[in-house]
Amino acid sequence: MRFTTFSSPLGELLLVGDDMGLRRLSFLDGPHPETTEESWRRDDDALARARDQVLAYLDGRRRSFSVDVAPEGNDFQREVWAALVRIPYGETRTYGELAKRIGHDRAASAISAANNANPLPLLIPCHRVVAADGIGSYSAGEAIKQQLLALEERHPQDDPSKPSD
């Protein structure tokens with residue numbers, strides 16, 4: 001595994017990847033920071049494109065990502081994460097709505113658990129899923145989730161002055 005760390009408007013971030021793609025993104029200042037493993041090798045150059053895209057997204061200059069991702073999870077988690085990527089920039093869905101969209105009408109709690117297990121927040125936009133009665137949880141904390149939703153609200157997708165990629 002290769003990794004890089006870098007400063008962002010949301011604090012220090014850790015990106016981890018290999019030849020298959022990005023495996024993890026962790027908010028190092030968040031409640032559940034990931035630690036690097038001894039076998040991992042720091043490689044800022046190999047992860048520069050992903051880092052630059054994350055920073056452009058956080059700056060409101062990017063709406064989607066064009067880097068390979070390879071999150072590890074069970075079949076249900078991967079199904080949920082694939083559905084998250086289809087939620088348009090600047091829009092939200094409730095856990096219940098997402099459950100219905102993927103054909104698991106009564107699985108809102110399981111959707112929430114898969115969201116919380118998402119190893120690539122931002123790239124797989126789990127912040128776009130909210131509770132029916134509020135913002136819902138987020139692996140980096142509710143304050144970060146609110147910032148991400150506000151960012152997408154400030155930079156609408158149909159803004160012709162901003163390229164989508």
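In the predicted model, the largest nonpolar core comprises 37 residues, of which Leu 25, Phe 27, Leu 84 and Leu 122 touch the most other members. Two or more residues are contributed to this core by each of β2, β3, α1, α2 (75-85), α3 (95-101), α4 (108-116) and α5 (142-154). The core also draws on both domains, with at least three residues coming from domain 1 (2-59) and at least three from domain 2 (75-153).

When residues up to four places away in sequence are not counted, Leu 84 touches Leu 98, Asn 115, Asn 118, Ile 124, Pro 125, Cys 126 and Val 129. Leu 84 also takes part in the packing of α2 against α4, where Phe 76, Gln 77, Val 80, Trp 81 and Leu 84 of α2 meet Ala 110, Ile 111, Ala 114 and Asn 115 of α4.

Turning to the strands, an open sheet is formed by 4 of them in the order β3-β2-β1-β4, with mixed pairing. The edge positions are held by β3 (21-27) and β4 (41-42), each of which has a single partner strand, so that one side of each is left without a neighbour in the sheet.

The pairing of β1 with β2 is antiparallel and extends over 7 bridges, and a hairpin of 2 residues connects the two strands. In this pairing, Ser 7 has Glu 12 of β2 as its bridge partner. Strand β1 (residues 2-8) is joined to β4 by 2 bridges, and here the strands run parallel. On this side, Arg 2 is bridged to Arg 41 of β4, while Phe 3 stands opposite Arg 42 in β4. In a regular strand, side chains alternate between the two faces of the sheet.

Helix α1 (residues 48-58) lies across β1, β2 (11-18) and β3, and its direction makes an angle of about 25 degrees with that of β1. Strand β1 is mostly covered, since 5 of its 7 residues are buried, that is, under 20% relative accessible area.

Conventions:
Residues are numbered from 1 along each chain as its sequence is written. This is a predicted model: local features need pLDDT of at least 70, side-chain atom pairs count only at pLDDT 80 or more; totals for chains, interfaces and linings use all residues. Side-chain values use heavy atoms; hydrogens and water are left out. Two strands pair if DSSP finds at least two bridges between them. Contact means heavy atoms within 4.5 Å. Axes are lines fitted to C-alpha atoms, for helices over the stretch in contact, and angles run from 0 to 180 degrees between N-to-C directions. Buried means under 20% relative accessible area, exposed over 50%, partly exposed in between (1.4 Å probe, protein chains only). A nonpolar core is a set of buried Ala, Val, Leu, Ile, Met, Phe, Trp, Tyr and Cys residues joined through side-chain atoms within 4.5 Å. Domain bounds come from an automatic or database domain assignment.
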